[in-house]
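Hello,

Here is the structure I promised to hand over. My notes on what was found follow below it.

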Amino acid sequence: YAVERALDGLRAAGLAKAGAVRRVAIVGPGLDFADKQEGYDFYAQQTIQPFALIDSLTRLGLAPAGGVQLTAFDLSPRVLQHLEAARQRARTGSPYSLVLPRRLDQPWGSDVTNYWEQFGDRIGQAVKAAPPPSSAGQVTARSVAVRPAIALSIVPRDVNIVVQRLEAMPAGEQFDLVLATNILLYYDVFEQSLAVTNIARMLRPGGLFLSNDRVFELPDGPVAAVGATNVQYMAAGGPAGKGDRITWYQRR
């Protein structure tokens, strides 16, 4: 939800043009481990962010008619194998199944609820979800069958963004947008600077980088902050601190 609001902000500011976000990358898309630890084990392991990003770009009109090509950078063999298995199933015509749980005991804001209700409508179709077991608590769930073509548009790459990048990218193949959430906070200033430099080298001139982690902007660094989006997930009276700040960076 926060990323979609940030993308909408970029569109409103004229930094992202309609149909112009063709090549995108995610640093550390990850797998859905957290919900498993909280007891939401009534659905198969899944990755959400790559599909959410394509869904949002399409909904906002930022994706071109031919669709988005997404590169997923990760170090985990488990993540990379999961994405490659999804691609293999897609080649046989099988959709990717997403399950979207929602805790009913949390006072989500109306905008967040609306986002949850429409999630996936640009990349697949809603299907009947298995009812959560009583042991999951006050939880409901939606399920989306993602079109095989969308899964095939996501390419996993084994890249350590601190010390690696895709080399010799022709001008037409550089990324329009790179997303890294809940990743850069694990790096010190030196490691983060290397990571941001590698990200910037893969962006086209003027390309955009979004992160909800603080980025140390060094003098003459390769990116500069050009705006930010603040979002709250909970309705008034809900738990404090339930929000995000997505900062927009642009390649110099």
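**Helix packing and sheet**

Helix α1 passes α3 in a right-handed crossing (the near helix is turned clockwise from the far one by less than a right angle). This is a predicted model: local features need pLDDT of at least 70, side-chain atom pairs count only at pLDDT 80 or more, and totals for chains, interfaces and linings use all residues. Numbering starts from 1 along each chain as its sequence is written, and side-chain values use heavy atoms, without hydrogens and water.

Helices (H or I, at least four residues) and strands (E, at least two) are DSSP runs, numbered from the N terminus. The axes of α1 (residues 2–12) and α3 (residues 49–59) come within 10 Å and cross at roughly 35°. Axes are lines fitted to C-alpha atoms, for helices over the stretch in contact; angles run from 0 to 180 degrees between N-to-C directions.

Which residues meet? V3, E4 and L7 in α1 meet L53, S56, L57 and R59 in α3 (contact: heavy atoms within 4.5 Å).

In α3, 10 of 11 residues are buried (under 20% relative accessible area, 1.4 Å probe, protein chains only). Among them are F51, L53 and L57. Just after α3, G61 has a positive phi of about 75°.

Now the sheet. It is open, with 3 strands in the order β3-β5-β4 and antiparallel pairing (at least two DSSP bridges between two strands). β3 (96–103) and β4 (124–127) are at the edges with a single partner strand each, so one side of each lacks a neighbour in the sheet. β4 pairs with β5 (residues 139–146) over 4 bridges. There, G124 stands opposite V146.

Best wishes

Note on methods:
Buried < 20%, exposed > 50% of the residue type's maximum accessible area, 1.4 Å probe, protein only.
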